[in-house]
Amino acid sequence: MWQEAAQKIFMGSLCSIFIECSYDRSHPDTALYGHLSPDHLISELKVLAEHVQNLRAAEHRERVDKLKRKRMSSGYFNGDPAIEGRRRSNPNPPDATRFTPPPLDRDDDMADVSPKAGLKSELPPNIPAASTIESIRPLDGVKIVITHVKDTLTQEDVPAKVLADLEELEKETRLGCMFLLARQGSSIYF
Amino acid sequence: MADLGFVWFGYMQGSGGGPSESNVSGYLIRSTATKWTKNSLLAVDAGTHLSGIIRILEDNVTLSSKSTSSKFPSSASIATAESGIFPFSGASLPSEAPKTNASYILRELVSTYLITHTHLDHLSGFVINTASFTQEASPKRLAALPNVINAIKTHIFNDVIWPNLSDENAGVGLVTYQRLSAAADYVSMSEGLSAQAWPVSHGHCMKMHTHWGRKSTAGLDPCSNSQGHSMQNHQTRWCVLDSAVFFIRDSATGKEVMMWGDVEPGSSPDNQAASTLKLITCRLDFFGSKE
C-alpha cells in the first residue's frame, strides 16, 4: 500500500493523503480500537517516507551509473579531482525540477549550494548518493489531511491538539509533509 | 502546491469520528477540471451526508444565492464559509432555500457512493438519505470492496434494519451495488474521476480482539466469516474488520488523492515485525483466495 503511494509521490502524481488520526498523543495504545494516534500515524508515514527515499536513491544511483558509463566510454571522465571539483560547483541538472528543493533548515554545509545543485553533487561518483538524497525531506509537498478525530465532548479542541502533536513529531522526524485538519463544512482544493 | 492546479475539492460534510452523529465521515469530491453535470460529485463515505450538505448551504446562504460563477482559491488551501469560497459555485442551484438546494445536490449531482467500510459512522447518512431517492432517477451506485457490499446487503438492506432498496434479492432498485476488485484497474466513479481500492485492516473484531494482534485468550469461537469480518489467520483464529484505501485520480491531470478509511496501527509493541506491508499482504491474500 505505502509502496504504491510512494511510487505516486516519486512520480509526482499523488498530492494528498486523507487519513485518520482519531486521538491525541495522550491516548493510551490499549484503547485505540483499530484507530491511529499521532505516534502511530507518524510511524506509518515513516514507512511511506522510506519507500520514497528508496525510490529516489535508486534513481539517483542509476543516473550516476549511467553518467559514469557515458563518460568512461566517451573519455570525458578522467578522474582528475580538480576538474571534478569545478564540475560539482557548476551543475547543469537536466530534470531536477521533479524534486522539491532541500529544506531551508538543512545542514549548514549545504547552505552555499543552490537548491538545484543539491541534487547534482552526485556528479563525482565518489560522493555517496545517500548524502544528497537524504538532504531532501521525503514527503516535501505532500499534504496529509487529518480526519476522524474523536470529539471528547469537552471544551477541549481535540483536532487542534492532534494537529499540534503531529506538527511537533514532524519537526523531530523531518518528513517534510504538511498536516491539514479536515474540519466539517470546509473544502480543500489541490 | 500551487503547481498542481485546482483539481479537486474534497468537501467535508462530516470529518469527525463521533460520537456526535452530525459530524462523522463523509466527503464529496469533484474534479474542477470538469463542468457541473449530473454526475459531478463523488461521495466517499457517507456517515454524515445530506445534513452536512444542508449545513454548508445554510452557512453559505449569502454566497449560494448569488454565486453562479466558479471561483476557486488560488492555491491548495482549506476554504470555509468565511473565506468567501463556495464549493457549489457554478452548480446552478435551483432555489434560495438551502434544503431545496441540498435535495437537488443529493438527487442530481451525486450518483456514486464509494464506501471504505461498513461501520455506521461511514454509512448511516447514506442509508437514511435513501428516503429521498426516487424511482424516476437512475439508481444510486454503492461502490466498495466485495466484503463491504456483502455486509451491507446482508445486514442493512435486508428488510429488517432497512428496506431492501437495492436491485438484488427482489429489492426495489433505488440502489445498485458495484463490487470493486482489490488493487485492480481504476474504475470510473464520477465525471472526470476514477478510483482504485486497496484493502486494509481496521482491527480485530470486538469478540476476539485485543487490538495489537495478540492471540485471544478467551477461547471463543471466531466470528462467522461471511459479513465484513474475515479470517486473518486460520491457525490463530483471529478475525479482522476490513477497511479500504482509495486512490482517486483526476482524469484531466492524472493527479491523485489517497483516502483512507479507519485503520489500525501497522506495527505493534508486541510484534514489531508485523509491519504495515505484511498486514496488507495478508489482506490481499484473503481477497485472492476468496475470489
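**Entry 1: a loop residue**

I started at B:Asp185 and found it in the loop between strand E7 (175-179) and strand E8 (187-190) of chain B. The model is predicted. Is B:Asp185 buried or exposed? I counted 8 other C-beta atoms within 10 Å. A residue with 12 or fewer counts as exposed, so B:Asp185 is exposed. I then looked up B:Pro163, which is 22 residues from B:Asp185 along the chain. The C-alpha atoms of the two are separated by 33 Å.

**Entry 2: the two chains**

I took chain B next. Its secondary structure comes to six helices and twelve strands. Chain B has 291 residues, and 50% of them count as buried. I also checked its contacts with a separation of 6 or more: residues 24 or more positions apart account for 62% of them.

Chain A has six helices and four strands. I read its elements from the N terminus as α-β-α-α-α-α-β-α-β-β. Chain A has 190 residues, of which 37% count as buried. Among its contacts with a separation of 6 or more, 69% come from residues 24 or more positions apart.

**Entry 3: a helix pair in chain B**

I looked at how helix H1 (residues 50-59) of chain B packs with helix H3 (residues 98-109) of chain B. The angle is about 135 degrees, and the axes lie 9 Å apart. The crossing of H1(B) past H3(B) is right-handed.

I listed the contact residues. H1(B) supplies B:Leu50, B:Ile53, B:Ile54, B:Leu57 and B:Glu58. H3(B) supplies B:Pro98, B:Lys99, B:Asn101, B:Ala102, B:Ile105 and B:Leu106. I sorted the residues of this contact by type and got eight nonpolar, one polar and two charged.

**Entry 4: the largest nonpolar core**

I turned to the largest nonpolar core, which holds 92 residues. Which of them touch the most other members? They are B:Ala43, B:Leu114, B:Ala144, B:Phe246 and B:Met258. Helix H2 (residues 38-74) of chain A gives the most to this core, with six residues.

I followed up B:Ala144. Leaving out residues up to four places away in sequence, B:Ala144 touches B:Leu114, B:Ile115, B:Ile149, B:Leu180 and B:Ala244. One of these, B:Leu114, is also among the core residues that touch the most other members.

Note on methods: Residues numbered from 1 in each chain as written. Chains lettered and ligands numbered in written order. Predicted model: local features only at pLDDT ≥ 70, side-chain atom pairs only at ≥ 80, totals over all residues. Axes fitted to C-alpha atoms, helices over the stretch in contact; angles between N-to-C directions. Helix = DSSP H or I, 4+ residues; strand = E, 2+ residues; numbered from the N terminus. Left-handed = near helix turned anticlockwise from the far one by under 90°. Contact = placed C-beta atoms within 7 Å. Nonpolar A, V, L, I, M, F, W, Y, C, P; charged D, E, K, R; others polar. Core = buried A, V, L, I, M, F, W, Y, C linked by C-beta atoms within 7 Å. Buried ≥ 20, exposed ≤ 12 C-beta atoms within 10 Å, placed from the backbone.
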